[in-house]
Amino acid sequence: ESVLNLSNLPILLLFVWIFYRTLRDQFRWPATPCQLTAALAGICGMMMPFALVMMTEIPFTLAVWILLRELLFLGNAERRPRWWLVLAMGIAIYYLRTAGAAILAAVLAFLWLRGLRRKAAILLAGWVVAALPWAVWSRRAADAFSGQEPLLSKLLAYYISYDYHTSALLQAAREDGWLPAAGFAATIVLKNMVTFVEGLGEIFFPVTLIYASSLVDVTPLLSTFLNVFSFTAGVVVAGLVVLGYRQSGIPNKSVLGLAMLFHIALFVAWPWPFAARFLTPIAPLLMIFVAENVRRWSEHVRLLRATVIVMSFLLQAWMLAALFPGGTVISRIFFEENSPYHEGVQWLKQRVSGSDVVFSGFTSQWVGRELGAPVVRYNTILSPKMGLKLQFKINPSDPAYANEFAARFQEWKQWAAPRSGRLLIFAEVSLDYPSWQTIHTQLIHKQLRLVWDQERQPVKIFEVTESE
């Protein structure tokens with residue numbers, strides 16, 4: 001398994017090599033900006049951590065860059081785009097991450113604006129035809145699963161269907177009215193915009209990634225300071241990207257700009273909390289335009305430029321330190337026995353059955369892999385609207401959350417077939433996870449039976465019981 005976790009590392013190295021060659025040979029940048037930008041693209045917190053886990057961020061980023069790089073050759077007398085490769089990478093992008101549809105839409109918009117409408121139509125047709133088998137199979141598989149496991153399929157809707165996210169807004173409109181639902185949607189976009197700007201700062205100055213990767217307790221004051229720092233850095237980065245784009249002489253740079261805009265718009269408007277990792281596929285594009293501006297700074301501010309660059313790389317190195325033995329991230333990837341939740345998982349592993357369902361928070365995917373039983377996040381037992389509100393921490397002290405938790409737990413207990421196992425809660429009490437805080441502070445405790453609680457352990461395990 002450790003070898004599989006490292007399988008993305010050679011893909012990252014391949015990406016860095018292709019990226020560097022593009023900067024050097026196609027953009028014809030000087031050696032130093034090429035080397036620094038390519039190095040940052042390889043080690044930054046949006047790239048290297050995902051090269052050490054079995055996730056799709058790195059191959060997705062490689063496919064996106066290969067596709068966009070081909071389009072940069074448009075109009076080049078010496079080297080024309082290889083349209084078969086554009087088609088193939090578009091298919092790969094969609095199958096790696098369906099959110100890649102935003103990148104494909106940006107490509108089609110670019111070709112349409114360039115007057116290459118026939119090319120755009122052919123690519124669109126090819127991508128749609130290639131996507132149909134997956135779309136048909138996934139819909140049939142989801143319908144079949146919901147027939148076999150009606151209640152469990154509701155819990156897993158967040159994982160297997162985008163309907164869960166969009167239905168939250170429809171539910172809000174149906175129950176609260178269109179105006180409150182519009183306010184809810186605006187709140188989502190606003191909160192995502194703030195997190196997006198913070199994510200821009202995290203690409204170059206990963207201060208919050210450093211403490212988050214260590215899973216240490218952070219005081220509210222320190223957390224606020226780091227978030228303000230990231231947001232301020234993000235505003236500066238956004239300004240540098242805009243200025244760098246305007247100054248850049250890269251041919252067909254608009255395809256890079258459209259790719260960034262479409263990708264950002266999708267994740268900011270999508271009804272789910274924005275995460276900095278969503279910026280991974282476009283992080284190299286952002287770096288290109290930041291470098292286009294920074295490398296043009298006058299000699300009068302070269303000390304400032306050197307300071308900013310050194311500070312960025314030092315922070316990247318500090319973040320990477322969490323990935324090596326002794327850092328929590330690599331411990332949870334390779335050495336699970338060093339995880340702070342190891343004892344709780346091992347205790348539960350000996351007692352859980354395949355018919356049980358376990359609720360967890362931040363570590364749900366890791367706990368599920370270890371237990372071999374269905375493990376879902378706390379908020380998925382709520383209705384889509386309430387689950388999404390809780391995920392965005394909208395009025396988390398509202399007693400309506402606890403009431404719905406209690407009702408949904410009882411709904412599960414009363415659903416005898418086909419899954420009649422227990423409902424367990426693997427609660428990471430050391431983490432500020434809003435669903436757990438709501439359950440812990442508001443839910444009637446007689447509905448939860450504490451089955452495992454060891455002193456100085458950052459986890460407690462509960463079983464949901466029949467309410468009295």
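Contact here means heavy atoms within 4.5 Å. This is a predicted model, in which local features need pLDDT of at least 70, side-chain atom pairs count only at pLDDT 80 or more, and totals for chains, interfaces and linings use all residues. Residues are numbered from 1 along each chain as its sequence is written, and side-chain values use heavy atoms, with hydrogens and water left out. The protein chain has 22 helices and five strands; helices (H or I, at least four residues) and strands (E, at least two) are DSSP runs, numbered from the N terminus.

**Overall**

- Of the 468 residues in the protein chain, 50% are buried; buried means under 20% relative accessible area, exposed over 50%, and partly exposed in between (1.4 Å probe, protein chains only).
- Among contacts between residues at least 6 apart in sequence, 72% join residues at least 24 apart.

**The second largest pocket**

- Rolling a probe the size of a water molecule over the atoms shows where empty space is left.
- On a 1 Å grid over the protein atoms alone, a pocket is an open set of points where a 1.4 Å probe fits, with protein on both sides within 12 Å along at least five of seven lines.
- The second largest pocket has a volume of about 620 Å³, a volume being the space filled by probe spheres set on the grid points, which are joined across faces, edges and corners.
- Helix H3 (31-43), helix H13 (220-247), helix H15 (283-294) and helix H16 (302-321) are the elements that give two or more residues to the lining of this pocket.
- The lining has 26 residues, where a lining residue has an atom within 4 Å of a point.
- Val-290, Val-294, Arg-305, Val-308 and Ile-309 are the lining residues that lie nearest the centre of the pocket.
- By class, 20 of the lining residues are nonpolar, four are polar and two are charged.
- In these classes, Ala, Val, Leu, Ile, Met, Phe, Trp, Tyr, Cys and Pro count as nonpolar, Asp, Glu, Lys and Arg as charged, and the others, Gly among them, as polar.

- H15 has twelve residues, and its first and last C-alpha atoms are 16 Å apart, close to the 16 Å expected at 1.5 Å a residue; the expected span is 1.5 Å times one less than the number of residues.
- Twelve of the twelve residues of H15 are buried, including Leu-285, Phe-289, Glu-292 and Asn-293.
- The 20 residues of H16 should span 28 Å at 1.5 Å a residue, and its end C-alpha atoms are 29 Å apart, which agrees.
- In H16, the residues Arg-305, Ser-312, Leu-315, Gln-316, Met-319 and Leu-320 are buried.
- Seen down the axis of H16, the buried residues fall within an arc of 145 degrees, so they line one face of the helix; the arc is that of the directions from the helix axis to the C-beta atoms.
- The exposed residues Arg-302, Leu-303, Leu-314 and Trp-318 are on the face of H16 turned away from its buried side.

- Tyr-162 lies in the loop between helix H9 (157-160) and helix H10 (163-176), and counts as partly exposed at 48% relative accessibility.
- Not counting residues up to four places away in sequence, Tyr-162 touches Thr-98, Ala-99 and Trp-270.
- Tyr-162 and Trp-270 are 108 residues apart along the chain, and their C-alpha atoms are separated by 10.0 Å.
- His-165 is in helix H10 and is buried, with a relative accessible area of 5%.
- Leaving aside neighbours within four places in sequence, His-165 is in contact with Tyr-158, Trp-270, Pro-271 and Trp-272.
- Pro-273 is found in the loop between H14 and H15.
- Between Pro-273 and Asn-192 there are 6.1 Å from C-alpha to C-alpha, although the two are 81 residues apart in sequence.
- Pro-273 touches Asn-192, Phe-278, Gln-391 and Phe-392, not counting residues up to four places away in sequence.

**Positive phi values**

- Arg-28, a residue other than glycine, has a positive phi near 60 degrees.
- Arg-28 lies in the loop between helix H2 (8-26) and H3, and is exposed, with a relative accessible area of 66%.
- Asn-252 is not a glycine either, and has a positive phi of about 60 degrees.
- Asn-252 sits in the loop between H13 and helix H14 (253-269), and is buried, with a relative accessible area of 12%.

**Helix H19**

- Six of the eight residues of helix H19 (residues 364-371) are buried, so H19 is largely enclosed by the rest of the structure.
- These buried residues are Ser-364, Trp-366, Val-367, Gly-368, Glu-370 and Leu-371.
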